[in-house]
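I opened a new page in my notebook for this chain. I will go from the whole chain to one pair of elements.

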Amino acid sequence: MKLNNIDKIIGSGFYSGFVPFAPGTMGSLVALGIYLIPGFETPIIHLGLILIVTVWGISISDKFDKFYGKDPKQCVIDEFAGTWISLFLVPKEFVLILTAFIIWRILDITKPWPANRLENLKGGLGIMMDDIASGIYTFIIMHIIIYFTN
């Protein structure tokens, strides 16, 4: 099994997955940087990119799984999906973005149920689904916070 260059670049979050310390957090920071590009938060663009990264991410993650082994640290495309789900429809305000990012990283690392069960799915699906679940948890928590603070 060989990874082509495009899959390697995208799957590793523009090589952030090859950083020797906290590659998941590094991948999430790259995803956050992309989110901060003006216009990214437009719902149709944001949702479209979440869907593209999720579908493509399952395929790419499966290749990384076969090349590097089970849930390899080099594969951080799942962090892109989780980060962007966490921030969906969250106003681009520093405190809200920082809050979402911190909650997202805590939930991605601790993997509360059922995220911890989803990572047991085979290949790319397992790699992606636990981060998607943690992203959805963060999305819900953030919108509760926004509702009660506005």
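How many helices and how many strands does the chain have? I am looking at a predicted model. I counted seven helices and zero strands in the chain. I then read along the sequence and wrote down the pattern α-α-α-α-α-α-α.

Next I looked up the overall dimensions. The C-alpha atoms fill a box of roughly 50 × 35 × 30 Å along the principal axes. For 150 residues, a compact globule would have a radius of gyration near 15 Å, and the chain has 15 Å, so the two agree.

Buried residues are 45% of the 150 residues. Of the contacts with a separation of 6 or more, 75% are between residues 24 or more positions apart.

Then I turned to one helix pair. Two packed helices are described by the angle between their axes and the distance between the axes. I looked up both values for α2, residues 23–35, and α4, residues 77–86: the angle is about 50° and the axes are 8 Å apart. That angle makes α2 oblique to α4. I noted the crossing of α2 and α4 as right-handed.

Which residues meet in this pair? From α2 I listed Gly-24, Gly-27, Ser-28, Val-30, Ala-31, Leu-32, Ile-34 and Tyr-35. They meet Glu-79, Phe-80, Thr-83 and Trp-84 in α4. I sorted the residues of this contact into seven nonpolar, four polar and one charged.

Conventions:
Residues are numbered from 1 along each chain as its sequence is written. This is a predicted model: local features need pLDDT of at least 70, side-chain atom pairs count only at pLDDT 80 or more; totals for chains, interfaces and linings use all residues. Side-chain values use heavy atoms; hydrogens and water are left out. Axes are lines fitted to C-alpha atoms, for helices over the stretch in contact, and angles run from 0 to 180 degrees between N-to-C directions. Helices (H or I, at least four residues) and strands (E, at least two) are DSSP runs, numbered from the N terminus. Angles under 35 degrees count as roughly parallel, over 145 as roughly antiparallel, 65 to 115 as roughly perpendicular and the rest as oblique. A crossing is left-handed if the near helix is turned anticlockwise from the far one by less than a right angle, and right-handed if clockwise. Contact means heavy atoms within 4.5 Å. Ala, Val, Leu, Ile, Met, Phe, Trp, Tyr, Cys and Pro count as nonpolar, Asp, Glu, Lys and Arg as charged, and the others, Gly among them, as polar. The radius of gyration is taken over C-alpha atoms; the globule rule is 2.2 Å times the number of residues to the power 0.38. Buried means under 20% relative accessible area, exposed over 50%, partly exposed in between (1.4 Å probe, protein chains only).
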